[in-house]
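Work through the exercises below with the sequence and the model at hand, and try each task before reading its solution.

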Amino acid sequence: MTTTARRTPEPGTWLGIPAFPEAAKAELANDQQRGNLRHATTTIRAKRVTRASEVDDWEDLRTAAAQIKDRVARHLDDYLIQAEKAMTEAGITVHWARDAADANAIVADIAKAKGVDEVVKIKSMVTQEIDLNEHLEAEGIAAWETDLAELIVQLGHDLPSHILVPAIHRNRTEVREIFAREMGLYGRPAPENITDEPAELAEAARLHLREKFLRAKMAVSGGNFIVADTGTLVIVESEGNGRMCLTLPETLVSVVGIEKVLPSLQDLEVFLKLLPRSSTGERMNPYTSFWTGVTPGDGPQDLHVILLDNGRTNVLADPEGRAALRCIRCSACLNICPVYERVGGHAYGSPYPGPIGAILGPQLRGLEGENERALPFASTLCGACNDVCPVKIPFTDILVHLRHKAVEHKTAHHPTGEQALMKGAAWVMADGSHLATVQTGSRLAGRIFKNRWLGKMPIPLAGRWLRARDVEAPPTQTFRQWWKKNQGDHR
Ligand code: SF4
């Protein structure tokens, strides 16, 4: 085994990725990725439609899910306190984290207190959001991803490009190369002469991960739901790797966004029907784990839940944007989005890509950065995401709202040409004498450009705008003059 300075593969970095318009241009040129994405999203889309149409009350379920999530948002403080109390009584240690730094420090401190220098991880968006792996690496703790797609991304020194299928941009030939090159550096190598047959690749991953599962004393996960009245942590996954992480290690630490709380188990039922059909097009989730505290001899004996804010209360504070917190990370909006399908996830510059990334990222991180201000424009506003979202997030409304905020933010100190124009228009409209002065000028222009389209004229400042619009030369008389001439006698 080759020695490396780091314990885990050095990942790609979001730092330095340009704002969406520029990043998207570069990604559009990647034909291989576009082909992989088209194939994968088309397949998942079709499965979702089939499974959703099997459920007679699908639309009612979506409405119920949206209403439950909105109720949680309205009373989040109460539900969180209730959840904390119930979890504590059940034997779970509850921590509160204001931001990424808080949450990362709590996880590292628990690992150090346990004398652990490596952890196994269940795929989780929230630990991507807080960059937990890199923080643990800096603390000398190796974090091993155990979800197949996350493993491919980690071993490939790559970045995830999809919520559910982080390696969606890779094809199996690329996966074979990554496994053959990297696995041996971080554990059991891939078999010699491994081919790109899916069964062989899966077997290589299974053997590579097995030794990590059997060694691990601590696991780290996210959490799909927390049931407030019972204090139950709910984690869903498809491969069984999560079940290994949730049952073998003695310690489990789950980082959970504060919006993941649900009032009761009855409410959970709605989401367990919607989630698998919306995400993978399955009728039922293959592995659904419930932990209500610890049970001697069964599963983790020390269970920690870290309730993370990291910008979520800011989202909650905006009545027009807060519906983004309904998201259950199913990825249906990504799979239907014509923009995502063509540019992939990296162009969005954060672990949350696609339509949900375009509305959640700028709200979680604020609109200070150019990248965040660009994201609400990364959409055609076609509304396909509105139609598939199982929790009925009104994407197009939120996108328009955020566009408005982004423009306001950008122009607060730098008025644009359009704003100057509007200011001028306001002056003209404010007083009849101003209007008459401008009309004199416009009549003159009408005579000069008579019967011609303005688009082809070399008009300073407005030339670019006019190129794409059919605008006639101004009239040579005002409406009042025309009225006097044509209608005056009939009054
Ligand atoms: S926004 Fe809706 S469709 Fe998109 S990932 Fe979240 S729940 Fe799924």
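**Exercise 1. Find which charged residue lies over the face of Phe271, and give its distance from the ring centre.**

Solution. A charge counts as sitting over a ring if NZ of Lys or CZ of Arg is within 6 Å of the ring centre and within 35 degrees of the ring normal. Applied to Phe271, this rule picks out Lys69, which lies over the face of the ring at 5.8 Å from its centre. A further case is Lys212, whose charged end sits over the ring of Trp144, 4.3 Å from the centre of that ring. The model is a predicted one, in which local features need pLDDT of at least 70 and side-chain atom pairs count only at pLDDT 80 or more, while totals for chains, interfaces and linings use all residues. Residues are numbered from 1 along each chain as its sequence is written, and side-chain values use heavy atoms, with hydrogens and water left out.

**Exercise 2. Count the aromatic pairs, and classify the pair of Phe225 and Phe271 by its geometry.**

Solution. Rings of Phe, Tyr and Trp (for Trp, the six-membered ring) pair if their centres lie within 6.5 Å, and planes under 30 degrees apart count as stacked, over 60 as edge-to-face and the rest as tilted. By this rule the count comes to 7 aromatic pairs. For Phe225 and Phe271 the centres are 5.7 Å apart and the planes stand at 45 degrees, so the pair is tilted. Phe225 belongs to strand 5 and Phe271 to helix 12 (residues 265-279), so the pair ties together parts that are 46 residues apart in sequence; helices (H or I, at least four residues) and strands (E, at least two) are DSSP runs, numbered from the N terminus. Both Phe225 and Phe271 are buried, where buried means under 20% relative accessible area, exposed over 50% and partly exposed in between (1.4 Å probe, protein chains only).

Trp482 and Trp483 form another tilted pair, at 6.5 Å centre to centre with 45 degrees between the planes. Trp482 has 34% relative accessibility and counts as partly exposed, and Trp483, at 36%, also counts as partly exposed. Ring pairs also link Phe20, Tyr340 and Tyr348 into a cluster.

**Exercise 3. Describe how strand 7 pairs with strand 4 and strand 10.**

Solution. Strand 4 (residues 218-221) pairs with strand 7 in the parallel sense over 4 bridges, and Val253 is the bridge partner of Val220. Strand 10 (residues 302-308) and strand 7 also pair in the parallel sense, over 7 bridges, and here Leu303 is the bridge partner of Leu252. Finally, 7 of the 7 residues of strand 7 (residues 251-257) are buried, so this strand is largely enclosed by the rest of the structure.

Methods:
Two strands pair if DSSP finds at least two bridges between them.
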